[in-house]
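Subject: The model I promised you

Hi,

Here is the structure we talked about, for you to open alongside this message. My notes on what turned up in it follow below.

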Amino acid sequence: MDAKAGAQVRRGAIAALVAAMSLTVIHARQPTFRASVDVVRVDVSVMNGLTPVAGLKPQNFVVTDNGVPQTLDSVSLDTVPLNLMMVLDTSGSLAGERLANLIDAMNGLVKSLRPEDTAALMTFSEPIRLAVKGTKDRMPLIAALTGLTADGSTSVNDAIFLALQLRPVDAGESRPVLLLFSDGRDTSSWLRSEHVIEATKRSGMLVHVVELVADEWMGTRGVEIRPSAFLGTLADTGGGRRWFAKSSRDLRELFGKALNELRARYLLTYSPAGVSREGWHDVKVTLTNARGDVTARPGYFAQ
Amino acid sequence: MMAIRTAAIVAVSVSTLLAQPDRSATEIYRAAVAEYLKSGDAARAARPLAALGPEQLEPAVKAILSRADPRELEGAADLHLEIGIAVAGLSVSGGAAYFDQGSRLVNAIMPPPAIRKGVSALRLEQMTLISSTWHRVAASTLLSINDVARARSLMQRALPLVPKSAEILTLLGTASEIDAGVLDPDNWDSVTGKTHAGFERARRLLAAEQSYKAALESDPTYPLALIRLGRVQFLHDNIKAARESLERGAALAREPRHQFLAAMFMGALQESQNDLAGANHSYERALYIAPQSQHAVAAVVFVDLMLGWINRAEEVGRAYTSAKLDDAWWLHKTGAFDVEGLLWLRQHLRQ
């Protein structure tokens, strides 16, 4: 910790520390249930190599729900505003240049959002905080990004899980997306990776991952850093993609690519027909009379 | 509602600093220690120290060490501990420097072996208790923020004084358990990676189990060792033994944080057995004890989700992530922080 940061920490500590372990009564809460699924929205990426495939029509998509072909109500491309939840790792390993590059990259992304897009910011190291609630105003986001500091261990599992719970109750005409940035494996969560994957299946949020993987790093406690298998599964389950950064200097470009990819996705909607209403639904999306690699959520959970 | 205040250090007073332009760091520090000994108010005592980092305090620490006044040493060590705890929640590395200096101060309370014969057995026992408790609290602070390496270093300083301390042995086990938690074999794509992670995880869990069993040999009724042993047995898929250990530990637990951990670990066990209602009950109990625990929130929300209580899960998740971060958030998170030890040190200083 440098002298300036040290002074800040001391001032912070001496300004505010009241540590309390308290017992408070929490209100008894009754369970409430969400209405069952009436309309299913499938966020689909169609790529030809590294190039998004544009110009596809409803008749180019074949969608099955638990094996039953469905009739699409609508297909839209690049017209639906984003509802973006940015979830950023600010653990100690990001301190210094890496954090500066992350902030720069995120500023670039925020400034590239369209006026109708909504964005929120969650940060995590050991504690998890919703720094900015969903807003169309860019100033609070820029201000929060500017003030980021990096310290502590990594609660990536708990952070993703809690971020998934913050998805819009009614997304309306928007596309809920969780964009995760992390540089390492979990070191301090309660939840395990399988918990998070299960929650991702149920959330309906599109999940994109940008992972910083640098070969020369050794993680905490002698654990070698390699791409996280969990983060790959997370992106697959969330119907999104994962990008690797070999250096934090690449982050600006990668976040730009992630945003472009989001703009080039199709949003398919259909009213499920011929399938049971509750439980897990396998969804498969294929193309007909068109070419491209399709990426979409593998299904959804209806209750 | 019951609240235990563990540290309260208030805003830097510019006027205080301006009023003392010519005082050396040593004078300011000694005055702060005297104030702490007199009032027991860490917040008030530490106020003039806001502008001084550990490096500026070093000459003052040396001065107090050379004076070798046991009461001043104890007051200075405890003040360092309070500041270290306060800073640790804001900066992992920040608190460590205060703990290093505090450790030197509290170690100096013990007379050198050559002159210990002249000290009464009762006094020696008191000194040992002060030093070992001090190191226990500092180590538990670092474990609460997952700084395992520094925590181990502090524990190793206390262990020679009290080699059979159930508390210290349990902390050593907790360090191994935290280290094991980092290694999830499923997080590796390669077979080599999975094998290595699985082997290392098992080795560290075994070390934790041995430490807890050693603690229980020293004190068979120490609830924290029983509860933590139950956790490790659960991680080893020894469900029956785990349940027994957790139930025995919970029955013996009187401290809120021990009850909290028993509830969390029992919840995990119940969840693994698909007893979601039981898990929900246990996690809710943990959340009741420590409403700000991030772990308890995550656990409750997940089980709510599995039970189909989606709106409720979202409500709890939103409330937690949107609330202002308590400066002491980390004290509630893992249940590792030794609040009882800190209270004992404070009480001893008052006597």
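Let me begin with a sheet in chain A. Four strands form an open sheet in the order β5-β4-β14-β16, and their pairing is antiparallel. Its edges are β5 and β16 of chain A; each has a single partner strand, so one side of each is left without a neighbour in the sheet. Please keep in mind throughout that this is a predicted model.

Going through the pairs of that sheet, β4(A) and β5(A), the latter covering residues 68-69, are antiparallel and share 2 bridges. Here A:D65 sits opposite A:V68 of β5(A). The hairpin made by β4(A) and β5(A) has 2 residues between the strands, and A:N66 adopts a positive phi near 50° there. On to the next pair: β4(A) is joined to β14 (residues 279-287) of chain A by 5 bridges, again in the antiparallel sense. A:D65 turns up here too, with A:V283 in β14(A) as its bridge partner. Finally, β14(A) and β16(A) run antiparallel and are connected by 4 bridges, with A:D282 partnered by A:G299 in β16(A).

Which residues lie on the covered face of strand β4 of chain A, and which on the uncovered one? In this strand, residues 61-65, the covered face holds A:F61, A:V63 and A:D65, while A:V62 and A:T64 are on the uncovered face.

Chain A also has a second open sheet for you to look at. This one has 6 strands in the order β9-β8-β7-β10-β11-β12, and its pairing is mixed. The edge strands are β9 (128-135) and β12 (242-245) of chain A, each of which pairs on one side only. From one strand to the next, the twist averages 15°. Within this sheet, β10 (residues 175-182) of chain A pairs with β11(A) in the parallel sense through 6 bridges, and A:L178 stands opposite A:V207 of β11(A).

In α5 of chain A, which spans residues 193-203, the buried residues are A:S193, A:H195, A:V196, A:A199, A:T200 and A:S203. Why do they fall on the same side of α5(A)? They cover an arc of only 155° around the axis, and that places them on the same side of the helix. As background, an α-helix has 3.6 residues a turn, so residues three or four places apart point the same way. And what do the buried residues of α5(A) pack against? Their partners are α4 (156-165), β11 (206-212) and α6 (229-237) of chain A, together with α15 (294-306) of chain B. Just after α5(A) comes A:G204, with a positive phi of about 80°.

A:A95 is located in the loop between β7 (82-89) and α2 (97-112) of chain A. Is A:A95 buried, partly exposed or exposed? It has 17 C-beta neighbours inside 10 Å, and therefore counts as partly exposed. Leaving aside residues up to four places away in sequence, A:A95 touches A:A150 and A:D151. The C-alpha atoms of A:A95 and A:D151 are 6.9 Å apart, although 56 residues separate the two in sequence.

Now for the domains. Chain A is divided into domain 1 (40-78 + 266-302) and domain 2 (82-263). Taken over C-alpha atoms, the centres of domain 1 and domain 2 of chain A are 25 Å apart. Each of these domains of chain A puts 11 residues into the contact. On the side of domain 1 of chain A that touches domain 2, β2 (40-48), β15 (293-296) and β16 (299-302) of chain A each supply at least two residues. By class, that side of domain 1 of chain A has 6 nonpolar, 2 polar and 3 charged residues.

To finish, here are the chain totals:

- Chain A has 7 helices and 16 strands. Of its 303 residues, 45% are buried. Among contacts in chain A between residues at least 6 apart in sequence, 78% join residues at least 24 apart.
- Chain B has 18 helices and 1 strand. Of its 351 residues, 52% are buried. Among contacts in chain B with a separation of 6 or more, 64% are between residues 24 or more positions apart.

Best wishes, and happy browsing!

Notes
Residues are numbered from 1 along each chain as its sequence is written. Chains are lettered from A and ligands numbered from 1 in the order in which they are written. This is a predicted model: local features need pLDDT of at least 70, side-chain atom pairs count only at pLDDT 80 or more; totals for chains, interfaces and linings use all residues. A residue is buried if 20 or more other C-beta atoms lie within 10 Å of its own, exposed if 12 or fewer, and partly exposed in between; C-beta atoms are placed from the backbone. Two residues are in contact if their C-beta atoms, placed from the backbone, lie within 7 Å. Domain bounds come from an automatic or database domain assignment. Ala, Val, Leu, Ile, Met, Phe, Trp, Tyr, Cys and Pro count as nonpolar, Asp, Glu, Lys and Arg as charged, and the others, Gly among them, as polar. Two strands pair if DSSP finds at least two bridges between them. The arc is that of the directions from the helix axis to the C-beta atoms. Axes are lines fitted to C-alpha atoms, for helices over the stretch in contact, and angles run from 0 to 180 degrees between N-to-C directions.
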